[in-house]
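User: I'm new to this one, could you walk me through it?
Analyst: Gladly; let's have it on screen and start from there.
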Amino acid sequence: MSETDPALVDALAASSSPIRAPADAGVHVVDALVDVVAIFEPAVQICVYRRPPLVRLQAALAQQAQAGALVGFRRVVAAGRPLPPLPLPEPAIAAGAAQELGFLGEVFGELLGCPRIGLRLEVLDRPMCPRWHRDHNGIRLLCTWLGPGTQWLDDAASPVADPALLPADAPPSGRAAPFDLVLLKGGLWQGNAGRGAIHRSPDPAGAVRCLVALDALWD
């Protein structure tokens, strides 16, 4: 089954009963798309859906990055609607970048039920947020297309209430692989005040990192 197969999204929409995560599970890793609903469990701060990389897209992005032709962008798009034309390089379009963005947007919109989505494609040669931190937002989806993935700490690995007090080089509890879907719950999510996923951007070590970020927007 293709990663952009609409049957995956249909299955997510049909899922009416979230799986029950263990009470102490701050990080929940799943192998099926429908199980990302675990992010709604109060104890879960991070939900990671593992999936294999899209090799053709990864190769096209790497080629564009090496040529210095890969640039990021930011758009507000309507959830549940086809994406407008996006400033993607032709090789990436041919390799399925637009379809992949459509898939991510459809999954996120179906999950959150939001009318609009803030879509970002970040092209980075240095860490965007290198220190451990919690976001002051609701739920964000991150998907690294190229380079190292987002790093996180589980609650047990953070001995202080404020993760900003942790050493910047404190080792992570886990990290995302390319094309994993990472859902991060922030402090503005209902019932999650003072909590949130502890995470940071990895150092691409002189290479290029390409990251997709989705945020739910309401009027």
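User: Which residue stands opposite Trp 152 in β7?
Analyst: Gly 174 of β7 stands opposite Trp 152, and two bridges join β6 (residues 151-153) to β7 in an antiparallel run. Strands here are DSSP runs of E, at least two residues long, and helices are runs of H or I of at least four residues, numbered from the N terminus; two strands pair if DSSP finds at least two bridges between them. This is a predicted model, where local features need pLDDT of at least 70, side-chain atom pairs count only at pLDDT 80 or more, and totals for chains, interfaces and linings use all residues. Residues are numbered from 1 along each chain as its sequence is written, and side-chain values use heavy atoms, leaving out hydrogens and water.
User: What order do the strands take in that open sheet of three?
Analyst: The order is β7-β6-β9, with antiparallel pairing. Because β7 (174-175) and β9 (198-200) are at the edges with a single partner strand each, one side of each has no neighbour in the sheet.
User: And what is the order in the open sheet of seven strands?
Analyst: That sheet runs β1-β2-β8-β5-β10-β4-β3, with mixed pairing. Its edges are β1 (27-30) and β3 (73-78), each with a single partner strand, so one side of each is left without a neighbour in the sheet.
User: How many bridges join β2 to β8?
Analyst: Four bridges join β2 (residues 46-49) to β8 (residues 181-185), and the two strands run antiparallel; Ile 46 stands opposite Leu 184 in β8.
User: Switching topic, where is Asp 35?
Analyst: Asp 35 is in the loop between β1 and β2, and its C-alpha atom is separated by 8.1 Å from that of Tyr 49, 14 residues apart along the chain.
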